[in-house]
Structures are given as structure tokens and as C-alpha cells.
Amino acid sequence: EVAHADLDVLQSLVDKSLLRHSDDRFWMLDTIRGYGAERLAESRDGDELRQRHAEHFLKLVESAPGLRTSSALSANVADTSAWRDQIQPDYDNVRAALAWFRETGDLEGEFRLVFPITWLFLWVHRGGMREAGHMYEGILSKGDQVQPQIRVDALHSLAHFGTYLARETRRQLAEQSLSLARVLGDKGRIEWALRRLALRQDDREEARRMLLECETLARDLREEARLAWIQQALGVIALAHDDLEDARRRLEESVSIFERIKGKWQATYALSSLAALTVLQERFDDARPLLIETLRRAFDLRMPNHAAQCLDNVAGVALADGNAALATRLLAAATSVREQTGDRTTEGEDWFDYELRMRARTRVATRKRLGIGFAREWKTGEALTLNEAVGLALDSLLSSEQGGQRTSQMSDMSPG
């Protein structure tokens with residue numbers, strides 16, 4: 001479609017070893033690709049071909065199911081798994097398209113590509129928080145060229161993805177996004193930005209007030225996914241303040257709504273917080289089935305960061321069972337996943353610092369129990385693949401479930 005090459009021409013190139021063919025894809029060796037790129041740069045048709053290439057992959061990115069349903073892409077409950085499977089082998093082509101839009105100053109094309117690829121692919125599928133954050137920094141660096149609607153979404157998105165930025169910087173980004181959304185009078189963007197900002201308030205009552213305003217807006221918009229996210233946020237805030245009963249009620253409501261509207265990854269996200277709550281309450285018999293379900297869902301949906309959170313929680317259960325060595329390995333494996341995906345949340349980041357407190361508590365306890373053996377177990381855990389770590393976690397959990405068996409064949413969920 002981009003190069004106007006039919007199957008006969010492509011097969012001819014395969015026969016001459018200029019292309020390779022595997023599954024449904026044709027691809028070049030790196031040396032031939034490099035040579036072709038040099039010749040393309042010298043060609044009078046080079047710009048036209050790169051433009052067609054960029055438009056082709058922009059069209060692929062914008063074919064994401066449910067993309068137009070809501071201005072808040074985290075509220076998109078459409079099943080995007082098949083779309084993500086299409087994007088994965090072509091992600092380098094998506095990057096090349098992005099580079100072309102930047103090179104030609106096509107800010108609209110750049111944003112149209114970046115917005116869905118970050119919210120529906122990098123965050124959910126790859127976990128590329130840092131890469132996504134840098135994409136939005138690039139857009140915002142254009143200054144006055146950025147249209148107000150694009151600026152609102154870019155500010156909000158950087159506040160979310162910029163986990164490498166200082167907490168106060170991210171709060172300011174969320175405030176700027178909210179202020180501009182109010183100027184535009186866009187209820188959807190006001191709700192999304194306000195919800196993000198609520199999670200960056202030091203005062204719990206102020207955060208709750210903001211979220212109640214979000215709830216009013218969400219009801220006006222008639223978007224149940226937003227209502228579920230608001231319950232999730234209220235639950236997380238309650239968790240951070242050790243109001244565990246309110247947290248349980250809110251999180252269960254969030255899971256229930258997401259299940260009803262078939263928001264698969266969103267329900268998994270809420271379920272992982274609910275599992276964390278049961279571990280915090282030391283209700284380990286209740287925690288085990290929740291953790292098993294969350295881990296399996298994370299595997300099916302290929303959500304590495306959510307799986308990492310589950311590994312932290314399973315480590316707490318393993319420690320309670322007296323297996324400090326396993327707890328240490330799981331903590332190390334989860335830390336390794338977060339380093340690979342760029343999800344490096346710092347202490348005091350939003351209300352989600354309850355996760356950090358749990359990790360720290362488990363790590364201190366395992367170090368105390370293992371003594372000099374802690375470093376050895378940590379190193380062993382760091383060397384585990386995510387698949388191996390999840391397998392260990394499930395084996396541990398299922399050993400306490402009568403008749404439980406771990407599925408031996410699991411799909412690859414390695415980050416990247």
C-alpha cells in the first residue's frame with residue numbers, strides 16, 4: 001500500500017534474498033534496510049514515500065477500537081488486544097512515522113499518533129512510561145504552536161506518564177491542564193484533569209471534594225467508566241489513610257462497574273488494588289484467590305506493571321507463610337519489571353504510596369529474616385523473567401488452594 005508493491009514483486013525480492021518472509025510479514029535485513037534508507041534519502045521521491053509511510057501507520061494507530069468514545073482514553077473499555085497485536089511488530093514503523101511528523105512540523109499528525117499510542121499501547125501493553133512522557137514533552141516544547149485542546153491533553157498526559165518528574169512538577173502540570181479545560185468549558189476534559197489533580201492533593205478532604213465534582217460531571221457525561229475510575233480513586237485515597245473498610249467498599253464498586261461494562265484491563269487494575277487491601281489487612285486466605293485471579297488476568301491482557309504489583313502483594317503473603325526467600329525473589333523480579341518499563345514511582349507519589357509502603361515493609365522484614373542471604377536471593381529474583389516470576393507466584397498461591405493447578409503453558413508477557 002505504501003510502496004505500491006504487489007505480492008509478485010515482493011516474492012521476487014524474497015527469491016533474490018533482498019527480503020525475508022515469515023508468518024504474514026515481509027522484512028529486510030538491517031544492512032539492506034540501512035542501504036535502502038540511504039538511497040531513499042537521495043531520491044526525489046523520498047519525501048513523498050515517507051509521507052505515505054507516516055499516513056499509513058497513523059491510520060493503523062487511529063484504527064484502535066473505541067478511540068472516539070471518550071476524551072478520557074483510560075475510559076475506553078473496548079477490547080484493544082487485537083489492535084495492540086497489530087501495533088507490536090510495527091512499533092518501529094510507528095516511531096518512524098512520529099519522527100517524520102516532527103521533522104515536517106506536522107504537530108496535528110504528531111499528536112494524533114502520540115495520544116492513542118501512549119494511552120492504549122505504551123501504558124497498557126508495554127508500560128513505556130518514560131518514553132510516553134518524553135513524547136508529550138516534545139509536543140509541549142512547541143509553545144504557542146500547540147492548540148488549546150491539544151495542550152490540555154498533553155499537559156494531563158505528561159502529569160500521568162512523567163513518573164521521572166518531581167511530584168510538585170506533576171501537580172503543576174495537572175493544575176495547568178484543569179485551568180485550560182475550564183476555560184474551554186469541556187466537561188470531559190475538566191473531569192479527567194480534576195480526577196488526576198485530586199490524586200495529587202495532600203489534603204484528603206480536598207481530594208474527596210474534587211472527586212465528588214468529578215462524579216457530578218461523569219453523571220452528566222453518562223460515562224460509567226469514569227464513575228468506576230472515581231470509585232477507584234476514592235478507594236486508593238482511603239487506602240492511603242488506612243480507612244480500609246471505606247477502601248474495600250469503593251474498590252469493590254469500581255470492580256463491579258468495570259465488570260458490568262466489560263472494561264477488562266480497567267477491572268484488572270481495580271482488582272489489583274483490592275488484592276493489595278486484603279494483604280494490608282492480613283486477610284491472607286481472602287488475598288490468595290484475588291491475587292490468582294489478578295495475575296491470570298494480567299497475563300491474559302499482557303499488563304506487566306499490574307503483574308509486578310501483584311508480585312509485590314504475593315511477596316507479602318509468602319512472607320506471612322514463612323517463605324522469606326521466595327518473598328525476596330518476587331520483590332526483586334517486580335522491581336526489575338518496573339525498571340524495564342520506566343514505572344519508577346517515587347516515595348510520596350500521589351496516594352499510591354501505600355504500594356511503596358507495602359514493598360518497603362516486606363523488604364525490611366525479609367532482609368531481617370535472611371541476613372546475609374538476602375543479597376543472594378535478591379540477585380536470583382532480578383534474573384527471573386516476568387513469566388518465571390509469575391509462575392513461582394502462582395505455584396505458591398495455588399499450593400494453598402486444594403486441587404489447584406497452575407497452567408503450564410503461559411503466553412509471553414515480557415516488557416517491551
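Me: Start with W119 and W192: buried or exposed?
Reply: This is a predicted model. In it, W119 and W192 are both buried.

Me: How many aromatic pairs does a search of the whole structure find?
Reply: The search finds 10 aromatic pairs. One of them is formed by W119 and W192, with 4.9 Å centre to centre and 50° between the planes, a tilted pair. W119 is in helix α6 and W192 in helix α10 (residues 187–198), so this pair links distant parts of the chain, 73 residues apart.

Me: And what about W229 and W265, how are their rings set?
Reply: Their ring centres are 5.8 Å apart and the planes are at 50°, so that pair is tilted. W229 belongs to helix α12 (residues 224–240) and W265 to helix α14 (residues 264–280), so the pair ties together parts 36 residues apart in sequence. W229 and W265 are both buried.

Me: Back to W119. Which cluster do ring pairs link it into?
Reply: The cluster consists of F111, F115, W119, Y136, F161 and W192.

Me: New topic: the second largest pocket. What is its volume, and what lines it?
Reply: The volume is about 350 Å³. The lining has 16 residues, and R68, F111, F115, D153 and R189 lie nearest the centre. F111 and F115 also belong to the ring cluster.

Me: Which helix gives the largest share of that lining?
Reply: α6 does, with five residues.

Me: What is the lining like by class?
Reply: It has six nonpolar, four polar and six charged residues.

Me: Last one: what lies over the face of W378?
Reply: R363 does, at 4.0 Å from the ring centre.

Notes:
Residues are numbered from 1 along each chain as its sequence is written. This is a predicted model: local features need pLDDT of at least 70, side-chain atom pairs count only at pLDDT 80 or more; totals for chains, interfaces and linings use all residues. Side-chain values use heavy atoms; hydrogens and water are left out. On a 1 Å grid over the protein atoms alone, a cavity is a set of points where a 1.4 Å probe fits but cannot get out, and a pocket is an open set with protein on both sides within 12 Å along at least five of seven lines; lining residues have an atom within 4 Å of a point. Grid points are joined across faces, edges and corners, and a volume is the space filled by probe spheres set on the points. Helices (H or I, at least four residues) and strands (E, at least two) are DSSP runs, numbered from the N terminus. Ala, Val, Leu, Ile, Met, Phe, Trp, Tyr, Cys and Pro count as nonpolar, Asp, Glu, Lys and Arg as charged, and the others, Gly among them, as polar. Rings of Phe, Tyr and Trp (its six-membered ring) pair if their centres lie within 6.5 Å; planes under 30 degrees apart count as stacked, over 60 as edge-to-face and the rest as tilted. Buried means under 20% relative accessible area, exposed over 50%, partly exposed in between (1.4 Å probe, protein chains only). A charge sits over a ring if NZ of Lys or CZ of Arg is within 6 Å of the ring centre and within 35 degrees of the ring normal.
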